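Here is a brisk report on a two-chain model. Look over the sequence and the fold, then read on.

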Amino acid sequence: MQSDRLISKILLFTDGSEGSIYAAKYGIVLAKSTGAELKAIYVVNIDLLKQLERARIFVKVEELDYERDLEEDGRNYLRHITELAAHKGLRIETELLKGTVHKIAIQKVEEWDADLLIMGELEPILSRSDTFHDETELIFRKARCSVLVIKDSERIDKIYETLP
Amino acid sequence: MRLSAMLRREAIVVPLQNTEKQLVIEELLDAAQRTGRIVDREKAIDALLERERLGSTGLEKGLAIPHARTNAVDGIVLALGVSPAGIDFQSADSEPCHLFFLLLASEAVTGNYVQVLALIARLNLQSGFRRKMMDVTTADEALEIIRQAEE
């Protein structure tokens, strides 16, 4: 059930990119100034690993090996975001998920009843194929709540640093 | 992420000179080395051959993707070899391989590495791509076909 506040639950999508770290900083600033809850998610792209195994590019042992490493990467990114939030005296919930990235992220928006999704800058769309395969693009277009795409990294850094 | 942006012309071999599996991998590695991002060649070849021991990276429809993760390279290194005549690479469909993408990545970039493998597989599914690549005579032509396929 959503509250009457304009922003009460902010979901932060991170994929470990530089852009998503700036998005995290912006999310922290926004959560602090609005009093909204903040939750960060990272989705291990299991779907892609399985596709590569089905295409015989990976053997099973590689698939499992990479899955474990991507999980570890995800944990590290989420830990980093938790530290960024703690540095500003903010508590943040994190969740490591697995599956088809855009489907899981969109599902989480609904499950958690987020009213704002924050993400890093999108990659430029250079072909029609990008619109089908770029996971962040798909999240941006399909999420049912408002989506904030963070740009202007220098400014975000300054805002984050000046936040007490 | 674009293969055409990642692939340097000096890392493209047209046509491949060798026909024996290990020598083809070494020839591709020589090309990859021209990018200046291979810090330990011996370690890189060991990683590639170790991966081949798990199962051939010769796939279907003339494509082979010798690949490995190793800290013998800095970031992601990609090389391309074309063999119009075809090379026996113990591929999944027992057909000769014509296109060889060699991919090496350091352990810190697993996410991007997986993405690049998916891009190569997707590129090879495009109708006409393989046929056009069979006709290339220079690295520039190969790069242009990849660029066009990605647009």
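Is Leu12(A) buried or exposed? Leu12(A) is buried, with 32 other C-beta atoms within 10 Å. A residue counts as buried if 20 or more other C-beta atoms lie within 10 Å of its own, exposed if 12 or fewer, and partly exposed in between, with C-beta atoms placed from the backbone.

## Basis of the model

This is a predicted model: local features need pLDDT of at least 70, side-chain atom pairs count only at pLDDT 80 or more, and totals for chains, interfaces and linings use all residues. Residues are numbered from 1 along each chain as its sequence is written, while chains are lettered from A and ligands numbered from 1 in the order in which they are written.

## Around Leu12(A)

Leu12(A) sits in strand β1 (residues 9–13) of chain A. Strands (E, at least two residues) and helices (H or I, at least four) are DSSP runs, numbered from the N terminus. Setting aside residues up to four places away in sequence, Leu12(A) touches Ala23(A), Ala24(A), Gly27(A), Leu38(A), Lys39(A), Ala40(A) and Ile118(A). Contact requires C-beta atoms, placed from the backbone, within 7 Å. From Leu12(A) to Lys25(A) the C-alpha distance is 10.0 Å, and the two are 13 residues apart in sequence.

## Helix packing in chain A

Helix α1 (residues 18–34) of chain A packs on α3(A) at an angle of about 35 degrees, with the axes 10 Å apart. Axes are lines fitted to C-alpha atoms, for helices over the stretch in contact, and angles run from 0 to 180 degrees between N-to-C directions. Ala24(A), Lys25(A) and Ile28(A) of α1(A) meet Ile81(A), Leu84(A) and Ala85(A) of α3(A). By class, this contact has five nonpolar, no polar and one charged residues. Here Ala, Val, Leu, Ile, Met, Phe, Trp, Tyr, Cys and Pro count as nonpolar, Asp, Glu, Lys and Arg as charged, and the others, Gly among them, as polar.

## Where the chains meet

The contact takes 16 residues from chain A and 13 residues from chain B. On the side of chain A that touches chain B, α2 (46–54) and α3 (60–87) of chain A each supply at least two residues. α3(A) gives the most, with five residues. That side of chain A divides into ten nonpolar, three polar and three charged residues.

## Helix α3 of chain B

Helix α3 (residues 41–54) of chain B has 14 residues, which at 1.5 Å a residue should span 20 Å; its end C-alpha atoms are 20 Å apart, which agrees. The expected span is 1.5 Å times one less than the number of residues. Ala44(B), Leu48(B) and Arg51(B) are buried in α3(B). Seen down the axis, the buried residues of α3(B) fall within an arc of 60 degrees, so they line one face of the helix. The arc is that of the directions from the helix axis to the C-beta atoms.

These buried residues pack against α2 (21–33), β3 (67–69) and β5 (97–105) of chain B. The face of α3(B) turned away from the buried side carries the exposed residues Glu42(B), Glu50(B) and Arg53(B). Gly55(B) follows α3(B), and its phi is positive, near 155 degrees.

## Asn124(B) in helix α4

Asn124(B) lies in helix α4 (residues 110–125) of chain B. Asn124(B) is buried, with 20 other C-beta atoms within 10 Å. Beyond its neighbours within four places in sequence, Asn124(B) is in contact with Lys61(B), Leu63(B), Leu99(B), Phe129(B) and Arg130(B).

Methods:
Two residues are in contact if their C-beta atoms, placed from the backbone, lie within 7 Å.
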